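Subject: Structure handover

Hi,

Here is the structure you will be working with. My notes on a pocket and a helix pair follow it.

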Amino acid sequence: NQDHYGLEKVKERILEYIAVLKLKSAQKISDGKSIPTILCFVGPPGVGKTSVGKSIAHALGRKFIKMSLGGMRDEAEIRGHRRTYVGAMPGRVIQLIKDSGTNNPVFMLDEIDKVGNDFRGDPSSALLEVLDPEQNATFQDYYLDIPFDLSKVVFITTANILDTIPPALRDRLEVIEFSGYTEDEKLKIGERYLLEKELINNALTKDDIVINTAILKNIIKHYTREAGVRNLDRLIATVMRKAAMKKAKAKIFKKFALTPRLLSEALGPKRFTHTLAEKSDQVGIATGLAYTQAGGDILFIEVVTMPGKGNITLTGQLGNVMKESAKAALSYVKSHAQELGLDSRVINRSDIHIHVPEGAVPKDGPSAGLAITTAIISAFGRRPTRRDLAMTGEVTLRGRALEIGGMKEKVIAAHRAGIKQVILPKDNEKNLVDIPKKVQKDLKFHFVDSMADVVKLVFAKQK
């Protein structure tokens with residue numbers, strides 16, 4: 001808690017891990033597996049994976065070692081060279097443990113998802129022996145040529161994505177997900193940690209500069225779009241440097257109070273605007289929710305119909321999954337035209353164009369089905385959709401609403417954009433516990449089983 005704000009589930013899992021270590025050392029359990037499991041922190045850059053590793057070492061009172069695996073291709077970097085070779089050396093694992101002077105450090109293997117392989121062997125296979133609690137009590141480095149006990153070392157690995165980690169290696173890791181921070185969490189991190197850190201880095205004191213909560217919110221909202229806080233840290237440092245320059249130039253320096261005007265002078269014009277909900281109910285448009293690495297966002301899905309032969313045109317740089325969702329949505333509307341109060345002859349004699357604005361941004365994912373179907377029904381039925389309502393969820397050809405991922409980020413994006421009601425699949429009701437209390441209070445949630453439930457909600461008469 002001294003070093004990190006939020007990350008409640010991550011902290012809880014780490015405390016359980018430390019508790020097991022404590023009990024094992026108290027009971028002097030020696031089963032060849034001193035360490036209960038190997039943790040793997042997975043999440044986007046800048047969310048605090050490495051610094052949490054440092055905090056674990058600090059809490060355990062152990063030394064912290066970090067080894068980056070990014071781009072490593074040579075197996076000998078893990079296992080060492082046999083001493084028959086000229087210039088033979090131990091592997092980096094043994095080398096770093098020797099340098100640390102302790103056989104039970106916290107050893108962080110950074111970027112485990114970026115290990116390569118070529119004719120010099122496969123380092124990820126060599127890592128199996130290092131990380132597997134069943135094998136690493138007798139790890140054999142070719143240079144040492146005697147078994148070395150790695151079972152007392154606390155190994156922690158980090159990765160941005162899991163897909164590129166070989167399955168055999170991933171099987172030995174216990175994955176702990178680090179999701180991106182919300183705006184409120186970034187604000188607290190900025191106030192508690194980043195401001196203090198950058199004051200020291202830029203040779204300033206609290207009496208030299210004032211950055212109030214409103215200004216910090218402004219920086220987070222309009223100058224950053226990221227999952228972590230690295231860019232926020234850089235922007236705060238930029239502002240601090242401006243103040244440092246003024247202090248260095250001035251003979252008598254007055255306190256530098258940051259105002260919106262001075263902020264735009266220091267950081268330039270606003271870089272990001274959050275898409276806001278439509279101003280009025282419109283026909284042929286539905287508000288969807290998307291998950292991005294930097295949190296969530298809202299998407300407007302626009303549909304127009306024109307005389308034709310039943311062809312479908314898709315634009316807005318959509319991926320294959322979204323294209324398939326659009327085709328499935330049109331098939332659902334055609335097959336249920338009567339129930340939906342639509343004329344099937346008109347549908348068959350019309351071409352349809354589906355567009356998702358911000359055409360330069362690639363979009364893909366399986367959770368746009370409900371929104372696309374709603375927009376198509378609205379366009380053919382000439383019925384406006386509710387502007388204060390957003391939705392996410394996949395739809396089957398029979399009209400069932402399927403569970404989606406990234407619910408927390410999507411719901412927070414809806415709240416930020418001024419949406420009042422959110423439609424989610426029934427199976428996602430269990431994820432409501434992840435949503436911040438303030439967001440839950442401000443939004444009305446509708447959990448639906450099928451497309452029929454969505455139609456009742458979206459096209460209901462507004463009071």
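The second largest pocket holds about 710 Å³ of space. A pocket here is an open set of points on a 1 Å grid over the protein atoms alone, where a 1.4 Å probe fits, with protein on both sides within 12 Å along at least five of seven lines. Volume is the space filled by probe spheres set on the points.

This is a predicted model: local features need pLDDT of at least 70, side-chain atom pairs count only at pLDDT 80 or more, and totals for chains, interfaces and linings use all residues. Residues are numbered from 1 along each chain as its sequence is written, and side-chain values use heavy atoms, without hydrogens and water.

The lining of this pocket counts 27 residues, each with an atom within 4 Å of a point. Nearest its centre lie Gly46, Val47, Gly48, Ser51 and Val229. α2 (49-60), β6 (154-159), α7 (183-201) and α9 (230-249) each give two or more residues. α2 gives the most, with five.

Now the helix pair. α11 (residues 320-335) packs against α13 (residues 369-381) with axes 9 Å apart and an angle of about 45°. Met322, Ser325, Ala326, Ala329, Leu330, Tyr332 and Val333 in α11 meet Gly369, Ile372, Thr373, Ile376, Ile377 and Phe380 in α13 (heavy atoms within 4.5 Å).

Best wishes

Note on methods. Axes are lines fitted to C-alpha atoms, for helices over the stretch in contact, and angles run from 0 to 180 degrees between N-to-C directions. Helices (H or I, at least four residues) and strands (E, at least two) are DSSP runs, numbered from the N terminus.
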